[in-house]
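With the structure open in a viewer, please follow the stops below in order, selecting each residue or element as it is named.

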Amino acid sequence: MNGKKVYYLGIHQNMLEPVSLSYLCFGALWYEDNNQRYIVGYGFGENKIEVLRQFSNHSSCEKCMDPNIVREVYRSIRDKQQKQDWSTRLRFPLSNVFRAPWKDVASGWYIVRSRKIYPLHLSAIHKKRYRIWLEHTAVCESESELFAFIEKVKFTHNVDLKLMESSGGTLHGSE
């Protein structure tokens, strides 16, 4: 065996890009070693995929034609992103407590969504008297994922979130 790695380039259409919430072409470059997959790079959209193609032209690379494998690579990336999103914790600047929309909002737990249509971003916010914390974030493609996120927040923080819809797309919970 010469020890040279074989890279795989896989491309799949219509995959959710979690930042823009658009369904775009997804591409990934990986190699396998001891039955373990190591992702070297990935991207969404033609410009990012072209960079992967250029790299694959200069190495020992095969095209992966199996859409199931490409979806597995995509899913593993999204799973890692979801774990990272869940563990996100950030304190907003103190001045946010005194500005809209937070200045007129009672202390408590809030689930804020980026928009009314799916896919969307969700944020679990804990407002205290003089502090606002972003506790968790998530990307949701369906109502079931939205409710699963809310249930996870309720269970993890032992809070009783009551769903209340507002014109701004905010779901409210209380301590």
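Select Asn96 and show its surroundings: leaving out residues up to four places away in sequence, Asn96 touches Trp102 and Ile132. Asn96 sits in the loop that runs between strand 5 (90-91) and strand 6 (108-113), and because its relative accessibility is 16%, below the 20% limit, it counts as buried. The model you are looking at is a predicted one.

Stay in that loop between strand 5 and strand 6 and select Pro101, which is also placed there. The peptide bond that joins Ala100 and Pro101 is cis, with omega at about 5°.

Now zoom out to the whole protein chain, which has three helices and nine strands, arranged along the sequence in the pattern β-β-β-α-β-α-β-β-β-β-α-β. If you display contacts between residues at least 6 apart in sequence, 52% of them join residues at least 24 apart.

Next, select Glu135 in strand 8 (residues 132-140). Is this charged side chain's residue, Glu135, buried or exposed? Glu135 is buried, because its relative accessible area is 5%, under the cut-off of 20%. Show the side chain of Arg89 as well, and a polar contact of 2.8 Å will be seen to join it to the side chain of Glu135. Apart from neighbours within four places in sequence, the residues in contact with Glu135 are Trp86, Thr88, Arg89, Trp109, Ala124, His126 and His157. For a distance to check in the viewer, take the C-alpha atoms of Glu135 and Val153, which are 18 residues apart along the chain and separated by 9.1 Å.

From here, turn to the largest pocket, whose volume is about 250 Å³. Which elements give two or more residues to its lining? They are helix 2 (67-86), strand 8 and helix 3 (143-157), and helix 2 provides the largest share, with five residues. To centre the view, select Gln82, Ala138, Glu145, Phe149 and Lys152, which lie nearest the centre of the pocket among its 13 lining residues. Colouring the lining by residue class gives six nonpolar, two polar and five charged residues.

The last stops concern backbone angles, and the background is that most residues other than glycine have a negative phi. Select Asn14, in strand 1 (residues 7-17), where phi is positive, near 60°. Asn14 counts as exposed because its relative accessibility, 53%, is over 50%. Then move to Leu21, in the loop between strand 1 and strand 2 (22-33), where phi is likewise positive and near 60°. Leu21, however, counts as buried, because its relative accessibility is 8%, under the 20% limit.

Notes:
Residues numbered from 1 in each chain as written. Predicted model: local features only at pLDDT ≥ 70, side-chain atom pairs only at ≥ 80, totals over all residues. Heavy atoms only, no water. Helix = DSSP H or I, 4+ residues; strand = E, 2+ residues; numbered from the N terminus. Contact = heavy atoms within 4.5 Å. Buried < 20%, exposed > 50% of the residue type's maximum accessible area, 1.4 Å probe, protein only. Polar contact = N/O pair within 3.5 Å; in protein donor to acceptor, adjacent residues only side chain to side chain. 1 Å grid on protein atoms, 1.4 Å probe; cavity = no way out; pocket = protein on both sides within 12 Å on 5 of 7 lines; lining within 4 Å. Points joined across faces, edges and corners; volume = space filled by probe spheres on them. Nonpolar A, V, L, I, M, F, W, Y, C, P; charged D, E, K, R; others polar.
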